[in-house]
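Please walk through this model with the text below, taking the surfaces beside the DNA before the helix packing.

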2 protein chains.
Amino acid sequence: MTSARHHPVQAAHEGRAPEDSAGQEVRPGRKRDASRDADILEATLDVLARVGYSGLTMDMVAAQAKAGKATVYRRWASRDALVIDAIAHMSRGMVDRDHLPDTGTLRGDLIALIRPQSVVEGEYRIKVMGGLGALLAQDPGLADAVNGAANEPWVEAHEVLIRRAIARGEYAEPEYFSTLTRVVSSMAMHRVLIQRQEVTREFLISLIDGVLLPALRCAPAARAARDDAAAAG
Amino acid sequence: MTSARHHPVQAAHEGRAPEDSAGQEVRPGRKRDASRDADILEATLDVLARVGYSGLTMDMVAAQAKAGKATVYRRWASRDALVIDAIAHMSRGMVDRDHLPDTGTLRGDLIALIRPQSVVEGEYRIKVMGGLGALLAQDPGLADAVNGAANEPWVEAHEVLIRRAIARGEYAEPEYFSTLTRVVSSMAMHRVLIQRQEVTREFLISLIDGVLLPALRCAPAARAARDDAAAAG
DNA sequence: AATATACGAGACTTGATAGTTTCGGAACTA
DNA sequence: TAGTTCCGAAACTATCAAGTCTCGTATATT
C-alpha cells in the first residue's frame, strides 16, 4: 500500500554502468550490510515505544542502533518512511494464524494464546500504537496499516477461536459477535494507554474469566438461535 | 488534579497592591474578557480535530480564535496546559455525577446515561480524541489529566450504578468488579482510537446488552457469594 | 594499487515553532 | 486626565530536529 520501501536511492539507471541492461548492476565498493536494516527498524520500534512518534528523532534511532544517520538515510528517504517500514516489520510473527491453539475448550484456547512473550510484546506493540496517535489522525491509510499490524491479528484469532467453540456447541451464537471478539484487545489497550498499568497474565485471565466467557455464556443469542430458545422456553 | 488551571500568572502577592490583605485585590486597567476563554478553547479543539496534537501550533490556535498569542499565553502557561483544558472543556457535562439516573434497573440507568451530548459521537470528537494518541503515550502527567477528564467520570458513574444494582439484589457481587466497570469505557475508546469508527448510541447499547449485562449476570461471584452458590448447588 | 562505496561519528545548515516582547489602541480605575 | 491592564497583530529570540555533508576507516571491484 502506501509502503515507502527500501530504495537504493535512485542509484540505478545511469548510463555509465558497465552492465547497462536492466538486470542487476555490478557496483564496485563495499557492500551494504543487510543486517543493519533489521537493527535500525528494531531501534525505531524501541524509540517509538519509549517516546512516541512525535518524540522520535533520527538521532535517537541512530544512537539506539549504533548507526550513523547517513546509514539510516541511505536506506530510508525520510523519518516517515522509516516509521512506516518499522510498523510493517513489527507486524511479522505476532499471532501465528496457521497454528492457533486447539485444546478442546474455548477457555483453554484463549489462555494458550497468552504466551509469555505475547504478554510482553503485546504491551510493547500497544505502546508503539499509542505513540502513533498524531500520525494516525493524519493518514487513514497508515492508521489501517497499524491497526492491521498490531490489533486485528488478535481480534481475528479470537474470532476464529470463538467461532470454533460455537461450532462445537460450547456456546450459542451471540447477537453481538464481533463486539465480543474485541473485548480482550480493547480492554488490554485501554489498560496500557489510558490506565497506564501493566498487562499481566493475571489481568488477561481476568478478562477471559470475568468478562468474555461470562458474556458469551449469557449474551442474547442471534436471531435464529433466539427463535429456537423462545420456542423451547 | 494535575490541572494547570487558569492563572493570573502570579500577578498577586506584590507589596505595592492597595489591598494587601489576602482578599480579592482590586486591580486597575481593562478587565479580561472572560468570553475569550471559551473561544480559545474551542479553537484549540478545532485545530486538534484538524491536525492532531503534534500538528497543533499556538499560531494556528490564535489565528482560529482571532486572538493574539499574548492573549492565549496570558491565560494558559503552555501549549500542554491549553490542550488539557481544551479536553476538559470538551468533556464538560458528559457525566453529571450529582444527578446520576435512577430508573430502577441497571439497564435503564446505563442507557439513561447516554444522552445525545454525553456520547462521544460524531466525526469531530473522534478526530479530537484520535489526535491525542501521542499525547497519551508520552507524558504520564498529561495522560492522567486526559484520563481524569475523559475516562474516569464514565468509569466512576458505571461503578456507582453497578454497585447500586448489586445492592438492590439485581446482580451478585462479581469477582472482577473493577474490570467490569471499565468495559464500556474501554471498548468505546478502542472504537474511537483504534477502529476509528463512530461511537453511536446503538454501539453503546450493544456494549450494554451484548457484553456488560451478560457478563455481570454470569460472572463468577466474589468469594462470599460464591460460597453460598456452592452450598446451594 | 587505484577507485568506489559503506560504515560510525558527528559537525553543519535550515526550517519550524514555543514562548516573549513590542506596538497602537481600547477599556477600566482613581 | 493619568496610570494600568487588556486586546489583536506581529516581530523577535531561542531551541530543537530533519536532512546533508565531511572525515577517517573498512571492504569491495578492477
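This is a predicted model: local features need pLDDT of at least 70, side-chain atom pairs count only at pLDDT 80 or more; totals for chains, interfaces and linings use all residues.

**DNA surfaces and helix packing**

In the surface near DNA strand D, α3(B) has the largest share, with 4 residues. The elements contributing two or more residues here are α2 (58-65) and α3 of chain A, together with α3 of chain B. Sorted by class, the surface near DNA strand D consists of 13 charged, 10 nonpolar and 6 polar residues.

DNA strand C has its own surroundings. It has 26 residues around it, and those that come nearest are G29(A), R30(A), G68(A), T71(A) and T57(B). At least two residues of the surface near DNA strand C come from each of α3 (69-75) of chain A and α3 (69-75) of chain B. The element that gives the most to this surface is α3(A), with 4 residues. The classes in the surface near DNA strand C are 12 charged, 8 nonpolar and 6 polar.

The next step is the overall make-up of chain A. Chain A has 233 residues, and 35% of them count as buried. Among the contacts in chain A with a separation of 6 or more, 68% are between residues 24 or more positions apart.

One pair of helices in chain A shows how such elements pack. The axes of α11(A), residues 183-195, and α12(A), residues 201-218, come within 10 Å and cross at roughly 140°. Because of that angle, α11(A) counts as oblique to α12(A). Their crossing is right-handed. On the α11(A) side the contact involves V183(A), V184(A), M187(A), A188(A) and R191(A), which meet F203(A), L204(A), L207(A), I208(A), V211(A), L212(A) and A215(A) of α12(A). By class, this contact of α11(A) with α12(A) has 11 nonpolar residues, no polar residues and 1 charged residue. As background to the spacing of such positions, an α-helix has 3.6 residues a turn, so residues three or four places apart point the same way.

Chain B has a helix pair to set beside this. Helix α10(B) packs against α11(B), residues 201-218, at an angle of about 140°, and their axes are 10 Å apart. That angle makes α10(B) oblique to α11(B), and the crossing of α10(B) past α11(B) is right-handed. From α10(B), the residues V183(B), V184(B), M187(B), A188(B) and R191(B) meet F203(B), L204(B), L207(B), I208(B), V211(B), L212(B) and A215(B) in α11(B). The contact of α10(B) with α11(B) divides into 11 nonpolar residues, no polar ones and 1 charged one.

Why is helix α10 of chain B described as largely enclosed by the rest of the structure? The reason is a count: 12 of the 13 residues of α10(B), residues 183-195, are buried, so the rest of the structure largely encloses this helix. The buried residues are V183(B), V184(B), S185(B), S186(B), M187(B), A188(B), M189(B), H190(B), R191(B), V192(B), L193(B) and I194(B). After α10(B) comes R196(B), which has a positive phi, near 55°.

Methods: Residues are numbered from 1 along each chain as its sequence is written. Chains are lettered from A and ligands numbered from 1 in the order in which they are written. A residue is near a molecule or strand if its C-beta atom, placed from the backbone, lies within 6 Å of it. Ala, Val, Leu, Ile, Met, Phe, Trp, Tyr, Cys and Pro count as nonpolar, Asp, Glu, Lys and Arg as charged, and the others, Gly among them, as polar. A residue is buried if 20 or more other C-beta atoms lie within 10 Å of its own, exposed if 12 or fewer, and partly exposed in between; C-beta atoms are placed from the backbone. Axes are lines fitted to C-alpha atoms, for helices over the stretch in contact, and angles run from 0 to 180 degrees between N-to-C directions. Angles under 35 degrees count as roughly parallel, over 145 as roughly antiparallel, 65 to 115 as roughly perpendicular and the rest as oblique. A crossing is left-handed if the near helix is turned anticlockwise from the far one by less than a right angle, and right-handed if clockwise. Two residues are in contact if their C-beta atoms, placed from the backbone, lie within 7 Å.
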